[in-house]
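The sequence and structure come next.

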Amino acid sequence: MFERKKIFDTSKVQAVVNQAYEESLKSSAGKQADYIPELKEVDPETTGVVMHTHNGDVLTAGDVDYDFTIQSLSKLIALTGLLEEYGQDKVLNWVKVEPS
């Protein structure tokens, strides 16, 4: 049977997740998207982080039991899959990126 090997200290990664969450609470910049009905209904005070590690650990901070719509996050998931399958050079010939 395959044994999962820990390659990093999960508590250190959890500390980074906690720090990122705390930093996110300091910002109220930006405007809540209201052009998509599902996003318009989201409580702007909710913030959460969930990270699943390669070895099955689940690290969390904040409002993690709150259902939310992934909307634009789905684009990142698709892009990640394309990058893994075809590589950065090929994908960036197909997909244009800009900071947002």
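**Hairpin E1–E2**

Strands E1 and E2 make a hairpin with 5 residues between them. In the turn, Gly 56 has a positive phi of about 95°. E1 covers residues 48–52 and E2 residues 58–62; the two run antiparallel and are joined by 5 bridges. His 52 has Val 58 of E2 as its bridge partner. Strands here are DSSP runs of E with at least two residues, helices are runs of H or I with at least four, and both are numbered from the N terminus. Two strands pair if DSSP finds at least two bridges between them.

**Basis of the values**

The model is predicted: local features need pLDDT of at least 70 and side-chain atom pairs pLDDT 80 or more, while totals for chains, interfaces and linings use all residues. Residues are numbered from 1 along each chain as its sequence is written, and side-chain values use heavy atoms, leaving out hydrogens and water.

**Aromatic pair**

A search of the whole structure finds 1 aromatic pair. Tyr 86 and Trp 94 form this pair, edge-to-face, at 5.1 Å centre to centre with 70° between the planes. Rings of Phe, Tyr and Trp (its six-membered ring) pair if their centres lie within 6.5 Å; planes under 30 degrees apart are stacked, over 60 edge-to-face, and the rest tilted.

Tyr 86 is partly exposed at 42% relative accessibility, and Trp 94 is partly exposed at 47%. Buried means under 20% relative accessible area, exposed over 50%, and partly exposed in between (1.4 Å probe, protein chains only).

**Leu 92 in helix H4**

Leu 92 lies in helix H4, residues 88–94. Its relative accessible area is 33%, so Leu 92 counts as partly exposed. Leu 79 is 13 residues apart from Leu 92 along the chain, and their C-alpha atoms are separated by 9.9 Å.
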